[in-house]
Amino acid sequence: MYPPQPPLARVRTPGFAGYSIAWSPFFDRRLAVASSANYGLVGNGRLHILSLTPEPNLVVEKVFDTQDGLYDLAFSEAHENQLVTASGDGSIKLWDCALQDHPIRNWAEHNREVFCVDWNNIKKDVFASSSWDASVRVWHPERPTSLMAITAHTGCVYACAFSPHNPDLLATACGDGHLRLFDLRQPAAQPSVTVPVGGEVLCLDWNKYRPMTIATGSTDRVIKTWDLRNALSKPPTGVATPLELGTPIAAMLGHEYAIRKVAFSPHAPQLLASASYDMTARIWDTDAAAMNGTHGAQQQQVPAAGVGSSMRKIHETHTEFVVGVAWRNTSGACAMSTSAISTPSGSAVETTPLLTVARHRYHIHPVAESTTSTEYTPESDLVDITKDRYDLTTFKGRLLHFASVTSPLTLLASNAELKGAQELVQACEAKFPANRTTGSYLVPRSEAQKYWKAKQLVDSSVHPDTREVILLPFRMAAFVPTNLLVVGGMLMPNPSLAGIVFWQWINQSLNVAVNYSNANKSVPMNMKEVGLAYAAATTSAVGIAVGMSRGVPKLKVSPGVKGVLTSLVPFVSVASAGIVNISCMRWKEIKDGVGVYIRDAEGNRHHVGDSSVAGQRAVAMTAASRVLTNIPTLILPPLALKFLQRAKIIPASGPLTRAIDLTLIGTSLLVFLPPAIATFPQVAKINPTQLEPRFHHLTDQHGQPVTQVEFNKGL
C-alpha cells in the first residue's frame, strides 16, 4: 500500500459542512460543493463553486445560499455553467454559475428531503432525483414538472444513478436494504432487478467500463460489487416479482463505520474510491477483491492492507465524517494520472493525488451476454411530442404528414380503436405544458410512436375544429377508394345522356359531402343553407361537366384542334366543376369569413375575429389543391393507357382495359393526393395588413404590433 501523503490543496467552508462534491464535465479545474449549516440538521445551505489553480490551490469563485441545507449536486451534461442541487426542504434547484444569487429554476414535487441528484450523461437533457419520500423522479431542465415519478422503495431512497452505458437504466439504493434497477422504457416502471444488499444502502455507482457492474456501500461497512447480468439471465419467478440475486462479485471490508459514498474511476475499471463516517477516504482494487473472494465480508474480518489486499490507499487526514468523493475527469488526450477529491463534514475540501494509473482498454461484456441491452440506440431517445412529428412549415414535412393522414389504411380501424386513439391523444395532451413555445413533454421514443400512430388516426378521422368524427366515406383517407367507384361508373362504355348525368351527379354529390365535412367550421351553416348550397353546387357542376363533354365534339374546328380540346374535356370539366362545387359549399366562408387567430408567447391561440379575405384565401387554396390533384390524375393515366394500346400490350377496349385504366387512376390518386394537399399549409399564416382594416393594428399582450395571424384553410 502507498504511504500517506498530504493533500495537494485544501479549502475550508466555515459554518457549512460539505455533503457532496463534483467535478465539472466541461472544465477540468472547476468543481462544486453542496453544503449545509449545522451538519444538515437545521439551517441554511450553500453551494460553493471552486477552482483548482496550477499552484495548486483551491479557490472559492462563487457561493449561492439557500434557505435549507444542500445534500447533493450534479453538473449538467449539456450546459457548461449549469448544475442542480438537492435540498432538505424537498426542492431541487437549477443554477447557472455565470449568473448571480438566485436559481434559474426550482422544482418542489418531493415532499421530503431530496438526498441525491444524477445527470444522465447520454441523454444529456435529463436528470434524476431520489428522496426520503421513497420516490425517484426524472426531470428535464426546461420543463416545470417531472417527466416521470417512480415509487422506487418502501423507505428513504438515498441514491440514484443512470447507467453510463444505457440511458434508460436507472439504479436506486434505499434504506430498506435493497438495490434496484429500473428500465424507464417500461410503462409501469417496475424494477427489473432487486438486489438484497444488507444494511441500509447509502450509495451506489456504475462501473464506467463494465456495463452491468455496480458498486454499493451501506451501513454494514462493506463495499460490494454486483454483476446484474447474473440476475437478468435468470427467469422470473412470477409476473409481479422482480428478479433477485444475493451474491456479489466482490466484497471489500475495511471501513470502520458506514460507507457514505462510492465512485468508480473513469480511468481504470478496477479502481473504486469510497468515503466513510470513519473519517477516511479509500481506494480499492475491485479485481483483486474478486480474486480474494467474499469470505472476508461474510465473516466481518478486516483484511490487512498491502500485498494480497484489495485496499490500495487510505486518505485519513480528515477530522470529521467524509461524506463525498469524486474522481477528476481528464481529457481524452491525457493517458495518465488521476486525482480523487473528498468532502468531509468538518468544513474542509481536500485534493489528494491518490494514485497514478495508466489508461488502457478493458473488456466490456458484449450485449449478447445479457438479456438487457446495454447499447445506446436512437430508439432509446426521449422525444418531445408537443412538437409536430413533421415540420409543417416545409413542403416535405407537410407531404409526409398528409401521406399519413390520407392513407386508406386508417379506414380499417374500428370505432373502438378510434375511441382508444382519441383517449390516448387526449391523455398525452393533457400533460402538455401551458407554454407550448418553450415547454416540452418528453417521452421514450417507443411511447412517442404510439402517440403518433394514435394521432394519425385521430387527424384522419376527426375534424380539427369541431372534434367530431367525420363519416367514413367523406374522410380524405377515403378519397381514393370512393373516387375509384365513381370513376368506374363514369368509364362504362357507350354511356347514355342519363348515365352521364347520373354519374356526374353522384360525383358532385360526393364532392359536396367531402367539401362540407372537411371545411373550416368556424363559420357554421344551418341545414337550409347546406341544402341550397348542395343544389347550386351539383346543378352547376353537372351542367358544366355534361355541357363540355357534349358540346366540344360539336365544335366546327379542325380535327387536330378538336382532338386536343376533346382530350382536355375531362380535366377542364372536372376541375371547373370542382371549383364551383367548393365555392358553393363554402360560400359562407367567402361571405362572412373564417376565424383568425394570434398566438401568445406561450403558443396558445386567441381568436381576434372573422375575416372574409382569409375565407376567400382558404377556399382558393383548397380549390387549387383539388385542381392540382386532377392534373396528373386526368392526364397521366390516359397517356399511359394509349401507350399500352399502341404497343399492343392491352386491347383497345374491354374489361381488361377498363381494369387497367382504373388501376392507373387509383395509383395516380394515391400518389398525387398528398403532394396536392401539401402545397399549402393546413394552418395558413398571413400578415394582418393583408386582411381587412380592422386587423391592421393588432397588438399582443405586451402591446407590441402583431405581424402574423393564422387561420384554418380546410381540406
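Author: Strand 25 and strand 26 pair in the antiparallel sense, over 4 bridges. Two strands count as paired if DSSP finds at least two bridges between them, and strands (E, at least two residues) and helices (H or I, at least four) are DSSP runs, numbered from the N terminus. The model is a predicted one, in which local features need pLDDT of at least 70 and side-chain atom pairs count only at pLDDT 80 or more, while totals for chains, interfaces and linings use all residues. Residues are numbered from 1 along each chain as its sequence is written, and side-chain values use heavy atoms, with hydrogens and water left out.

Within this pairing, Trp284 stands opposite Met311 in strand 26. Strand 26 is mostly covered, since 4 of its 5 residues are buried; buried means under 20% relative accessible area, exposed over 50%, and partly exposed in between, with a 1.4 Å probe and protein chains only.

The ring centres of Tyr277 and Phe321 lie 5.0 Å apart and the planes stand at 80°, so the pair is edge-to-face. Rings of Phe, Tyr and Trp (its six-membered ring) pair if their centres lie within 6.5 Å; planes under 30 degrees apart count as stacked, over 60 as edge-to-face, and the rest as tilted. Tyr277 belongs to the loop between strand 24 (271-276) and strand 25 (281-285), and Phe321 to the loop between strand 26 (311-315) and strand 27 (322-327), so the pair ties together parts that are 44 residues apart in sequence. Tyr277 is partly exposed at 26% relative accessibility, and Phe321 is partly exposed at 34%.

The whole structure contains 12 aromatic pairs. In another of them, Phe127 and Trp139 have ring centres 6.4 Å apart and planes at 15°, so this pair is stacked. Phe127 is in strand 11 (residues 127-131) and Trp139 in strand 12, 12 residues apart. Phe127 is buried, with a relative accessible area of 0%, and Trp139 is likewise buried at 0%. Elsewhere, Tyr19, Tyr71, Phe115, Trp132 and Tyr158 form one aromatic cluster.

A nonpolar core is a set of buried Ala, Val, Leu, Ile, Met, Phe, Trp, Tyr and Cys residues joined through side-chain atoms within 4.5 Å. The largest has 32 residues, of which Leu179, Leu181, Leu204 and Leu228 touch the most other members. Strands that each supply at least two residues of this core include strand 12 (135-139), strand 14 (157-162) and strand 16 (178-183). Strand 14 gives the largest share, 5 residues. Leu181 touches Leu169, Pro191, Trp206, Met212 and Leu228, among others, not counting residues up to four places away in sequence; contact here means heavy atoms within 4.5 Å. Apart from this core lies another, of 16 residues, among them Ala421, Val425, Val443 and Ala448.
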